[in-house]
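Hi everyone, thanks for coming.

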Amino acid sequence: MSYSDSGNTWRNDGGVQPHAYDPYLHPELFRGVATRRVFAFLIDMVVISVPVILGYIFIALFGVVTLGLGWALFWIAWPASVIWAIVYYGASIGGPSSATVGMRLMDLELRTWYGAPGYFVLGATHAVLFWVTVSFLSPFVVLVGLFNGRRRLLHDFVLGTVVINNSVRIPAPQAARTW
């Protein structure tokens with residue numbers, strides 16, 4: 001039993017909040033999410049790849065200008081690419097729209113299972129866990145999303161996140177104006 005935050009009542013449910021997005025009550029939140037998630041991923045790969053490719057071209061040209069000395073920067077290019085991808089996902093999902101550029105173009109949004117928006121650490125961890133699970137369990141990660149109502153992938157289950165349609169999400173109530 002736990003003590004409720006909202007009043008002087010006892011709760012006997014272990015204090016766990018219910019899922020905010022029920023696929024049976026609101027199927028429109030999950031309609032087409034799996035397909036649009038694939039396209040959002042491809043768009044995000046382009047957004048991540050363009051600065052990385054430009055960085056490699058810069059290092060190559062810098063190496064020519066410095067007669068080969070600048071090519072020593074190639075050792076830092078791969079770790080910088082990984083850091084750039086993690087920061088991109090963390091900042092995008094931790095931003096006000098809780099979505100990467102690809103997710104915004106596909107009208108998707110990442111939320112926690114209880115309905116809260118994403119934050120930087122969640123976004124960064126989401127990206128890292130996605131790449132780790134895809135590296136080891138590639139077909140299984142995609143298949144998991146086809147057999148559950150919320151279209152959650154394996155790393156979504158681990159992190160407690162859900163990707164929903166942004167345009168049909170029930171808007172949050174606005175605060176009353178005091179003027």
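First, some ground rules. This is a predicted model, where local features need pLDDT of at least 70 and side-chain atom pairs count only at pLDDT 80 or more, while totals for chains, interfaces and linings use all residues. Residues are numbered from 1 along each chain as its sequence is written, and side-chain values use heavy atoms, with hydrogens and water left out.

Okay, the layout. The chain has five helices and four strands. Helices (H or I, at least four residues) and strands (E, at least two) are DSSP runs, numbered from the N terminus. Reading from the N terminus, you get β-β-α-α-α-β-α-α-β. Of the 179 residues in the chain, 32% are buried. Buried here means under 20% relative accessible area, exposed is over 50%, and partly exposed is in between, using a 1.4 Å probe and protein chains only. I'll also talk about contacts, meaning heavy atoms within 4.5 Å. Among the chain's contacts with a separation of 6 or more, 63% are between residues 24 or more positions apart.

Now, how many salt bridges does the structure hold? Two. A salt bridge is a side-chain nitrogen of Lys or Arg within 4 Å of a carboxyl oxygen of Asp or Glu. One of them pairs Arg37 with Asp156, and their closest N and O atoms are 2.7 Å apart. Arg37 sits in helix H1 (residues 33-65) and Asp156 in helix H5 (residues 154-159), so this pair ties together parts that are 119 residues apart in sequence. Are these two buried or exposed? Arg37 counts as buried, at 13% relative accessibility, and Asp156 is buried as well, at 0%.

The other salt bridge joins Glu109 and Arg111, with 2.6 Å between the closest N and O atoms. Both Glu109 and Arg111 are buried.

Let's go back to Asp156, as there's another partner to meet. The side chains of His126 and Asp156 are joined by a polar contact of 2.8 Å. A polar contact is a pair of N or O atoms within 3.5 Å; within protein, one must be able to donate a hydrogen and the other to accept it, and residues adjacent in sequence count only if both atoms are side-chain atoms. You'll find His126 in helix H4 (residues 120-146), and at 9% relative accessibility it counts as buried. Setting aside neighbours within four places in sequence, His126 touches Arg37, Leu110, His155, Asp156, Leu159 and Thr161. Notice that both Arg37 and Asp156 are on that list.

Next, strand E4 (residues 161-165), where Val162 sits. Val162 is buried, with 2% relative accessible area. Its C-alpha atom is 6.0 Å from that of Arg152, ten residues away along the chain. Beyond neighbours within four places in sequence, the contacts of Val162 include Glu109 and Arg111, which you'll remember as a salt-bridge pair.

Asn165 is in strand E4 too, and it is buried at 4%. A polar atom of the Asn165 side chain lies 3.1 Å from the backbone oxygen of Arg31.

Last stop: the pockets. On a 1 Å grid over the protein atoms alone, a cavity is a set of points where a 1.4 Å probe fits but cannot get out, and a pocket is an open set with protein on both sides within 12 Å along at least five of seven lines; lining residues have an atom within 4 Å of a point. Grid points are joined across faces, edges and corners, and a volume is the space filled by probe spheres set on the points.

The largest pocket holds about 480 Å³ of space. It has 24 lining residues, and Arg37, Val38, Phe41, Phe130 and Leu153 lie nearest its centre. So which helix gives the most to that lining? H4, with ten residues. By type, the lining has 17 nonpolar, four polar and three charged residues. Ala, Val, Leu, Ile, Met, Phe, Trp, Tyr, Cys and Pro count as nonpolar, Asp, Glu, Lys and Arg as charged, and the others, Gly among them, as polar.

The second largest pocket has about 260 Å³. Here H2 supplies the largest share of the lining, five residues. This lining divides into ten nonpolar, two polar and no charged residues.
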